[in-house]
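Hi everyone, thanks for coming. Let me put the structure up on the screen, and then we'll walk through it together.

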Amino acid sequence: MIRDRFARPLGSLRVSVTDRCNLRCRYCMPEAEYVWLPKSSLLTFEEIARLTGVFAGLGVTKVRLTGGEPLLRHELPALVSMLRAEPRLADLALTTNGVLLERFAAALNAAGLGRVTVSLDTLHPERMQEFARSGRHADVLAGIAAARGAGFERVKLNTVVVRGFNDDEIADLVAFGERHGAEVRFIEYMDVGGATRWSRDQVVSRAEILERLGARFGPITPVPDRDHPAAPAERFRLASGTTFGIIASVTAPFCASCDRSRLTADGTWFLCLYAAKGIDLRGPLRAGASDADLEALIRETWQGRADRGAEERLGVRERGVLYPIEALRADPRREMHTRGG
Ligand code: SAM
Ligand code: SF4
Ligand code: SF4
């Protein structure tokens, strides 16, 4: 196991398999046009599996496939099978917007995927149309049902709460999760790259989320998660026994225990969601670096890591968007949809 400058281990890796997406969520891809990563720069499945193996050798046990929309990547179950063959990976998960999940759920399960998280921001199709520019709400619901039907026991739902858009649905989403055997996790709207319409007043805090749920469901008790100290979500339980999570990335960042890093689809490795620059792993990989060379590069880089992006943002007094659109166009790897959320 290797540790960074704040003694945080390198424990989990989010792997983006594409920067493309079939939705245009307002908090992530609100612009009319985007600069895409060149096709030739995308890592092949073999390259992803090789890098993941090197990361596993350094202590990574959790991998989450993400994007863009990961199910747009052709033959994704084949990548899942390849990663499943790495015995050191104890936890292999996927985050998807669910639009294509009905089609792939069974194949993903058969390939050995362990867990699925589906992003669901609203129960109202017309809101999705307005907010994500898509009429495929029914497909997302079918995808959630298909994931359960395919045998995924721990389906989670991710909801970014945005004031004036879906903050009136917090309790309804918990009730929906309860009915569908899925745990909802509310995420505070973050000022990350890509969120070019972000403003502080649209953030609905953890405290406010708890207040609203308390008003509808009564007493709420925290569920300590001693087995997963680096997990970003704090979990809570209602009197009915239903659990839900809150990821308070804006009001109570959890950088102190952050063991996560991110690999973009073109093989750029980011040490923090807020980092301005990443480390090119594709270059050395394609230039013939050995596993030992890659391991040395990753080890040395992680040992120098001092990132705590969300905590540093707390200290910014006039907090606005992280990057103006011109800065995102100049380097699309700064986009949330490129680095994988
Ligand atoms: N397309 C897939 C999806 O939406 O689930 C995977 C990629 S998406 C970038 C990963 C996660 O990032 C999603 O759960 C999404 O809600 C979250 N996300 C994107 N922009 C965000 C923002 N500005 N604040 C908080 N979460 C955000
Ligand atoms: Fe929405 Fe995910 Fe696509 Fe971003 S990458 S626009 S969060 S579906
Ligand atoms: Fe980890 Fe950076 Fe997020 Fe903090 S802001 S939790 S260091 S990825």
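**Around ligand 3**

Let's start with ligand 3, which is surrounded by Phe254, Cys255, Cys258, Arg262, Cys272, Leu273, Tyr274, Arg305, Asp307, Arg308, Gly309 and Ala310; a residue is near if one of its heavy atoms lies within 4 Å. By class, that shell has 7 nonpolar, 1 polar and 4 charged residues, where Ala, Val, Leu, Ile, Met, Phe, Trp, Tyr, Cys and Pro count as nonpolar, Asp, Glu, Lys and Arg as charged, and the others, Gly among them, as polar.

A quick word on the ground rules. This is a predicted model, where local features need pLDDT of at least 70, side-chain atom pairs count only at pLDDT 80 or more, and totals for chains, interfaces and linings use all residues. Residues are numbered from 1 along each chain as its sequence is written, chains are lettered from A and ligands numbered from 1 in the order in which they are written, and side-chain values use heavy atoms, with hydrogens and water left out.

Now, the sheet. What is the strand order of the open sheet? Its 12 strands run β7-β8-β9-β6-β5-β4-β3-β2-β1-β10-β11-β12, with mixed pairing; strands are DSSP runs of E, at least two residues, and helices of H or I, at least four, numbered from the N terminus, and two strands pair if DSSP finds at least two bridges between them. β7 (220-223) and β12 (279-280) are at the edges with a single partner strand each, so one side of each has no neighbour in the sheet.

Further in, β3 (residues 91-96) runs parallel to β4, joined by 4 bridges, and Ala93 sits opposite Arg115 in β4.
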